[in-house]
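Please consult the sequence and the model shown here alongside the text.

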Amino acid sequence: MTGRITSRLQEALTVLKATQQYRQLPNLQHHGQYVISEGKTLLNIASNDYLGLGGDTELQNEFLSQLTPLSVAQMPKMSATSSRLLTGNDAQLQALESELQEWYQTAIGKRDISVSKSVLVLNSGYHANLGILPALTALPVKTLILADKLVHASIIDGLRLSQSKLVSYRRYRHNDYEHLATFIEQAAPDIERIIIVTESIFSMDGDRADLCQLVHLKASDARIELYVDEAHAIGVLGHTGLGLAEETQTLADINYLVGTFGKAFASVGAYIMCDDVVKQWLINRMRPLIFSTALPPINHAWTRFILAKMPMLNNQRAHLARLSTKLSQAIDPRYRVSQNTRHPNYDSPIVPYILGDNASTLAKAQQLQAAGFYALPIRPPTVPANTARIRLVMNAKLTDEDCEQLIQQL
């Protein structure tokens with residue numbers, strides 16, 4: 001890199017600092033539901049560890065105790081050492097896919113035994129969303145993709161990689177299904193395929209998509225397929241933790257359902273639930289899968305351990321919902337995303353506290369940290385301009401007293 005380019009990079013970084021958009025990696029130590037930052041012990045309300053499993057040492061000890069009797073040769077390996085298409089398709093990974101499929105199929109089967117789904121495990125939610133749409137649109141089929149305005153950056157990157165002479169995309173206003181319906185009505189007759197893309201729980205606003213309405217729209221046009229990212233709902237919603245699709249009984253109606261293990265599962269990786277033919281197509285055409293070393297088998301063993309417990313964590317989910325509702329209802333409407341949410345009692349554990357400008361948001365984050373809460377500012381371009389916020393995140397290890405003390409600071 002030339003000195004001229006280095007200087008220009010430094011100038012650009014200086015601009016980021018001046019506009020309060022500069023980011024740097026935090027130096028943290030983790031202790032259960034607390035983090036130690038700059039020598040201070042702070043209650044962690046910034047993590048996506050919604051069920052509080054990530055810092056549960058008893059759970060970790062239970063998992064490790066199951067491995068203790070195994071010989072070194074029997075232990076799950078610490079690295080896959082290659083992609084799944086080479087030698088990385090370990091028995092732990094294949095067992096995880098089978099167990100995930102059974103988890104979903106059991107829930108779907110209660111409503112429609114004719115619906116069969118397969119599961120493909122991937123390295124991360126970003127890998128999933130980056131690769132699924134480009135693979136799906138690799139066929140020579142004229143396709144229109146319609147995505148919610150607030151979908152995750154990984155989906156946006158997948159959209160951009162999908163664009164071609166045969167594939168176009170448009171973004172409908174957030175959760176505005178009349179706007180979406182207009183795009184569908186305007187779709188040219190030669191469009192053979194329409195893929196609607198949404199999150200179920202939106203990562204920055206914490207609100208819900210109306211999956212029932214989207215399924216209704218899907219039924220209105222045979223060209224429509226539905227792609228739902230449940231990253232922030234898996235483990236949190238649904239009777240067995242299967243997410244918003246389980247709660248709304250729309251599992252069987254979703255063509256491509258993405259979930260992750262890096263949040264409520266306190267693990268790493270992601271998956272897609274889809275038709276088996278689609279799964280085989282993704283194995284053949286999805287570049288992040290084909291060209292990435294698979295995750296270590298030891299990680300898949302931990303994910304399987306958590307998966308076995310997930311349906312039994314309803315008490316934790318109920319406690320989480322109660323805390324989240326309490327916090328959300330305590331926030332002044334001036335600082336909320338929407339004053340007419342469809343779910344006034346409980347949307348999700350993500351409760352945004354919107355201040356608008358970067359300076360005010362940074363100041364509020366510093367105030368909360370001074371009061372003992374590890375709260376972080378979220379600024380553009382992660383969120384739209386003038387919607388900088390503190391992203392408050394509840395987890396099931398927090399107490400009512402923790403929630404009350406946080407509310408006092410707001």
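**Cavities, pocket and local packing**

R84, L93, V121, L122, N123, L289, A294, L295 and H300 line the second largest cavity. The model is predicted: local features require pLDDT of at least 70 and side-chain atom pairs pLDDT 80 or more, whereas totals for chains, interfaces and linings use all residues. Residues are numbered from 1 along each chain as its sequence is written, and side-chain values use heavy atoms, with hydrogens and water left out.

**Cavities**

- On a 1 Å grid over the protein atoms alone, a cavity is a set of points where a 1.4 Å probe fits but cannot get out, and lining residues have an atom within 4 Å of a point.
- A volume is the space filled by probe spheres set on the grid points, which are joined across faces, edges and corners.
- Cavities of 30 Å³ or more number 2 in the structure.
- The second largest cavity has a volume of about 40 Å³, and its lining comprises 6 nonpolar, 2 polar and 1 charged residues (nonpolar: Ala, Val, Leu, Ile, Met, Phe, Trp, Tyr, Cys and Pro; charged: Asp, Glu, Lys and Arg; polar: the others, Gly among them).
- The largest cavity, of about 50 Å³, is lined by R84, L122, N123, H127, M286, P288, L289, S292 and A294.

- A pocket is an open set of points with protein on both sides within 12 Å along at least five of seven lines.
- The largest pocket holds about 1100 Å³ of space.
- Of the 47 residues lining the largest pocket, N48, S203, M204, H232 and R391 lie nearest its centre.
- By class, the lining of the largest pocket has 17 nonpolar, 19 polar and 11 charged residues.
- S203 lies in the loop between β7 (193-199) and α7 (211-219); helices (H or I, at least four residues) and strands (E, at least two) are DSSP runs numbered from the N terminus.
- S203 has a relative accessible area of 8% and is buried (under 20%, with a 1.4 Å probe and protein chains only).
- Leaving aside residues up to four places away in sequence, S203 touches H152, H232, I350 and R391 (heavy atoms within 4.5 Å).

**Helix α2**

- L59, F63 and L67 are buried in helix α2 (residues 57-67).
- These residues lie on the same side of α2, because they cover an arc of only 85 degrees around the axis (taken from the directions from the helix axis to the C-beta atoms).
- The cover over the buried residues of α2 includes α11 (297-309).

Notes:
Buried means under 20% relative accessible area, exposed over 50%, partly exposed in between (1.4 Å probe, protein chains only).
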